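Here is a short briefing to read alongside the sequence and the 3D view.

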Amino acid sequence: MAILVIAEHDNQALKGATLNTVTAASQMGSDLHLLVAGNACQAVAEQAAAIAGVSKVLLADAPQYEHEMAESLGDLVVSIGSQYTHLVAPATTNGKNLMPRVAAQLDVAQVSDIIGVESADTFRRPIYAGGAIATVQALDTIKVVTVRGTGFDAAPASGGSAAVETLEALPDAGLATFIGQELAKSDRPELTSARIVVSGGRGLGSAENFALLEKLADKLGGAVGASRAAVDAGFVANDLQVGQTGKIVAPELYIAVGLSGAIQHLAGMKDSKVIVAINKDEEAPIFQVADYGLVADLFEAVPELEQKL
Amino acid sequence: MKVLVAVKRVIDYNVKVRVKPDNTDVDLANVKMALNPFCEIAVEEAVRLKEAGVATEVVVVSVGPKACQEQIRTALALGADRGIQIETETSPEPLSVAKLLAKIVADEQPGLILLGKQSIDGDNNQTGQMLAALIGSGQATFASKVEVTDGAVQVIREIDGGLQTVQLKLPAVITTDLRLNEPRYAKLPDIMKAKKKPLDVKTPADLGVELREHLRLLKVEAPSQRQAGIKVESVDELIEKLKNEAKVI
């Protein structure tokens, strides 16, 4: 029996999180199939077929799969689910939306957001905002799992040559209708896969001041993130929030500016390789996890840093 | 339209959790407990729907030991009309909770079911989606705006990279994200009034649900701790360290 990985994509390109998920799935068993469900997404199927370690790509190409709506996509995954030992998806907002629906329809449990694979049925996952790490055994015959991307390396995007098989689309049950979406357009790298992340907190004081961080991020070729306080204050868009309930990041360099380091924020970034904190409050908890701390006024330090790099 | 809100009793979000010395679980003895923050947002949204004349009744349900009645009372103090506790010995896993809630939905026939997107203890983010699957309804997770129009609900969802708007047929399940609303504080007279609001207690057997073990918790460990590094004195020193010591730029 094989393992099914649900690919994340935007109908044109495969999202990076899929590659980390393939690595996690490969530690659960050997025969890996990838489901590409979308609309006019032939190009994605071709990219999927090239991933090293994937033996088969299932392509479901139909209008009802364009936006990865959990209702229609869930029915599709459930219809083939019992042919697999594991159903695995990235723990992105799409994966989190879809997989519990699939699990309940199959009457099995889900293991969310794993960061380690101990064996085919036993996984490690953070609980309590990363305050503890649980080792959990899934007892059902089908294991439904979502994968935290930062817990696993990306599988090589080339080297494979899987066959692409067409999967018949199922009729849409009409429970939910896609109305529209607004996606932020940015030339910066994606927050969860960026090599460098520059994050700001309440200390930035205003949306305008976030431009300081954007300049620094651009100089470093990095992404911009934020604490919940900065998002709640309306300084930046919601999807830049790093933390327990926002994005989980683990870049090579994380620069935290003007943010105190609440436990919920640390949960989203403490696996970063190198952490820099710039804050004028030397008691801020962020300094307890920072490799390099600079006690300074960010409005002086950040422009200086940006200029001298 | 009736609105059902499912809530959970969890560790207070300000409390730093400790792992038991025998690594069987976290230690919740004598720890401050509270209404899960996302559930609080769900209650607030339901109460606002009632205040706007959209909802006629707000029913709050929680699954767990008797202590979770405290959190049901909190929700009643925030403006919910009545409560249901489903009595279990421990806090069951998400699939079991979803099965119990599905029975309550069948009994109560709500038009809208609101839940938090995740509880801050297990961080599973599963129950709402599972419930939607079991009752065969549409779902909108990570809601940041909810608007009920006749026979349907439009929800703005916080997704990776931006916002998505979906429309669901009623009944529908919605799970709340942080920015859906800012919950009110319960006033003392409301807390007193909440004590007199009806609260039913049911058991899984009453609902005809047999709880099975699907997941086994083998071990709970403290995460590896990061050591605090050094303080640098200047931007120049920081750049020097990043270039020559950490070698990340």
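**Backbone and sheet notes**

In chain B, Q109(B) sits in the loop that runs between helix 3 (94-108) and strand 6 (112-116); helices (H or I, at least four residues) and strands (E, at least two) are DSSP runs, numbered from the N terminus. This is a predicted model, where local features need pLDDT of at least 70, side-chain atom pairs count only at pLDDT 80 or more, and totals for chains, interfaces and linings use all residues. Residues are numbered from 1 along each chain as its sequence is written, chains are lettered from A and ligands numbered from 1 in the order in which they are written, and side-chain values use heavy atoms, with hydrogens and water left out.

**Loops**

- Q109(B) is not a glycine, yet has a positive phi of about 50°.
- Q109(B) is exposed, with a relative accessible area of 59% (buried means under 20%, exposed over 50%, partly exposed in between; 1.4 Å probe, protein chains only).
- D107(A), in the loop between helix 4 (93-105) and strand 5 (110-114) of chain A, also has a positive phi, near 60°.
- D107(A) is partly exposed, at 30% relative accessible area.
- L170(B) and P171(B) are joined by a cis peptide bond, with omega about -5°.

- Four strands make an open, antiparallel sheet in the order 6(A)-7(A)-8(A)-12(B); two strands pair if DSSP finds at least two bridges between them.
- Strand 6 (116-119) of chain A and strand 12 (215-221) of chain B are at the edges with a single partner strand each, so one side of each has no neighbour in the sheet.
- Strands 7 (122-127) and 8 (132-138) of chain A are joined by six bridges, and R125(A) stands opposite A134(A).
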